[in-house]
Amino acid sequence: MNKYLLLLCLALCGCTTVFAQIKINGHVDDKDGMAMPGVTVALEGTNQGTITDLDGNYSLTVPDRNGILVFSFIGYQVQKVQVGSRTKIDVVLESTSVQMDEVVVIGYGTTRRKDLTGSVVSVKSEALQNRLITSLDDALSGSVPGLMIQSSGGQPGAASNMLIRGANSLTGSTQPLIVIDGFPLFDAATSGGGGMSDKSGGMSAFALVNPDDIASIEVLKDASATAIYGNRGANGVILITTKKGRVDGSKIQYNTSFGMQQLPRKYDMMDFLDYAKYQNLKNPNNKMFTDQKTGEMLGFDPNIRTVDWQDEIYRTGFVQNHSLSVQGATEKTNFMISGSFMQDRSIIKNTDWQKLTAKATIDHSFSKKLKVGADINFSQIKDDGVPTGGGDGTAVGTVIGALLARPFILDETTQSYLRRAGVDQSIIDSDLASYKSNPLNMVEAIDMKKTIRRTILNGYAQYNILDDLQFKTTIGYDIYSLKDSQFYPKSTPLGNLNNGLGILGHIDNQSWINENTLTWSPVFAGEHHLNILLGVSEQGWKSSYDRTELSSFEYEALGYDNAQMAKNFTAYSSSNETHYVSLMGRANYSFSGKYMATFTVRRDATSIFLNNKWGTFYSGALAYNIKEENFLKDVKAISNLKLRLSLGEVGNSNVPTTGAYAQLYNTNHSFDNSIVIGQSPASLANEDLKWEKTQEWNLGLELGLLHDRIQLTADYYIKTTKDLLLEAPVLNISGFDKAWQNIGKLRNNGLELGLNASLINRKDLQWTFQANFSMNKSKVLELGQNGAPIYLPVSFMSGNAGQQAVILREGGSIGEIYGYVTEGVYGANDFYSDGTPKKGVAVAGVGEKPGFMKYKDVKEDGAITSEDRQVIGNTMPDFYGAFGTMLSYKGFDLNIGFQYSYGNDVYNAN
């Protein structure tokens, strides 16, 4: 009997075990109804799992109905579903990009895009993928309506001139504030100065960032968005958020790319015979090309060699990039470690640009209330280059030099051709000793090395006092260093002028920041959402600089590494320190996602000013989400329709510390028959210097169609800047020609349009199209000093023309080019046989003759003088923008992009 009872019990247990096994079947699609193969389906808390087949189907056995299935796939949101009473569970996975698009990073927090009241454009990491980007400037260029980016040079990592909605300052900085992971960066010099390093353009701060580390970039354009950065937000703000650890598992990713680069086209240049004819006409006294008895060109052999210097200095270059990242997470901790290496061997010989980056970040939750995190970013750039840019005279760079240099080399073969044509050897020897403008020699002989290192450390602690009340403290430290070494041997123009020239420059910058914020985010009656931020911030910056110039080298083989061989030494050094203290507050309100309002106030103090340290900045914005109205909720074709209106005022204090404070420098003078070192003022101090302020109105419209597959944005703005920080002329009786002052008023107004369209969005095929259009008009309303114009120089030209190439005048606009109007060239009929000009032919009296440039006599007084100059162009475009498309099919991507600019003039300094 007992044996039967035992068998019965075992049978019942077996039946129970069998009945507890539940088989679940299902299907996984994306939001467009396309089947998703390879999706991981796992039973939470166990090792059980499977993946979907090619048709998106799966089957999994679970022990009971309390189990939770976890569906995950790279690039899609993780979804968890409890089994319950179902045996068939179908799931639709949403792309993570949807979630990213809904959340936008703003100053000191995030918000849903639908709750935005300001003008903010986001560039997500997906837009940077599969692109060979040396610097983030390349990624932003043409991507954001209202953001104009112009490269200052062609070398790798070259700095860009960035303007958000036009220039807000006339002679001060117009660069936007760059904030990386909450750390506002100070401008850092990328050249030690002296020689030709600074003439070849600086290096972009974006070049120090690894594009593969970027999670998102937000460009804050209107005052409503930038007012929270009041003291430095006048020129707009660019927020860069880097990637963190994953919360849905580990990931190891390696990206690599390789590309070739070539000069797209060459200029057509003179050959030797054409150049000889030109010299014979221009300079008939040149014995190398002209028979001094007959005045005719010497009879050169047509087989004489011609050198096109473009072929000599350019090569086929390449770019390679390698990036490795590891992301992971545990129950309470997530982390990320990444590193990258990029090399750009540009199309100019003897150049090599290398970037190395490393990043580590960790976030840890001690409890539901306390969370801490820290990250460190290191970057290093080594730039072994040549002087690509430059000015005129001995400062000409290799790019322009290749176009200006004569088309031949005086080697033995060419010398023999010249001697046969009648050129005396003494003429050849004299030329060999004096001519130093060989572009290839400049590329091979000039030594320019630059090393830049930057380390940024950030740490934070966040404590949830209540579910809707959060305190956060952050601290950061930025260490920046530059070593700039240059040597110009005697065989180069600048080196010949100085009998060998070496330059050693060093810059060390340090900045720190501490910010404390309290955020309250209550929800009332389920429809009233409030977010109130209060904060205090303190930031400091210190910079030290030194440069030593060495000249007159007896032995120059080791260049700047043998400085003691120089006879002459000149040293420069300086140190600057700046502090900011800020109090801030912001309130965001949203009712049912239909009506939104934002109010911001910030009060800042800076050590840059002496008597007017404090400034107060504000903004207010309203938004109306019309789509939430009942009459539009059921209109499926319209997925978003929102109006925005904002008003705000932000500030700018970006001037040298010498603006408000007097600077002294050493001055030698004679005393008692001996030289005594003394000091004298180097600048005129203005102790009443104060904040430059920009007030802005912005009206915006957002329209989304067909589930936001078509997105349209439009913004119109009016910005007025007053108390302009200008380095303006002062009375000569002061002993100075310029000083920093608060004078003038400037207005910018413009229109921005943006279009994003997802034409095809399927699993294996995506096709998108983007376009934007921007138009900005500026007007100088006031300049002070009875409206006297202010002239600005261009760095690549010496002389009076270069010092007054740009004009600022009341009623004019930013970027006006000032000069003479050309009317062709003088002809033989403009002169009498003795070379004097005929009646009615205006000349400047500099030896004009046929072939010389002819200028318009604007004053009609018979002479060409400085009074005949006028506005002849404008460097700013009438409108600009970009358009492009991306086609992706089964892992293969095709990106095509175009940028355009219309109406801007270019100053021809040749």
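**A friendly note on this predicted model**

1. Ring pairs join Phe272, Tyr275, Tyr278, Phe289, Phe300 and Phe408 into a cluster. Rings of Phe, Tyr and Trp (its six-membered ring) pair if their centres lie within 6.5 Å; planes under 30 degrees apart are stacked, over 60 edge-to-face, and the rest tilted.

2. A word on the basis: this is a predicted model, where local features need pLDDT of at least 70 and side-chain atom pairs count only at pLDDT 80 or more, while totals for chains, interfaces and linings use all residues. Residues are numbered from 1 along each chain as its sequence is written, and side-chain values use heavy atoms, leaving out hydrogens and water.

3. The count of aromatic pairs comes to 27. Phenylalanine 883 and tyrosine 900 form a tilted one, 6.4 Å centre to centre with 40° between the planes. Phenylalanine 883 is partly exposed at 38% relative accessibility, and tyrosine 900 is partly exposed at 27%. Here buried means under 20% relative accessible area, exposed over 50%, and partly exposed in between (1.4 Å probe, protein chains only).

4. Now look at isoleucine 89: is this residue buried or exposed? Isoleucine 89 is buried, with a relative accessible area of 1%. Leaving aside neighbours within four places in sequence, its contacts (heavy atoms within 4.5 Å) include Ile24, Tyr58, Leu69 and Phe71.

5. Charges meet rings too: the charged end of arginine 232 sits over the ring of phenylalanine 186, 4.2 Å from its centre. The rule asks for NZ of Lys or CZ of Arg within 6 Å of the ring centre and within 35 degrees of the ring normal. Lysine 472 lies over the face of tyrosine 460, 5.1 Å from the ring centre.
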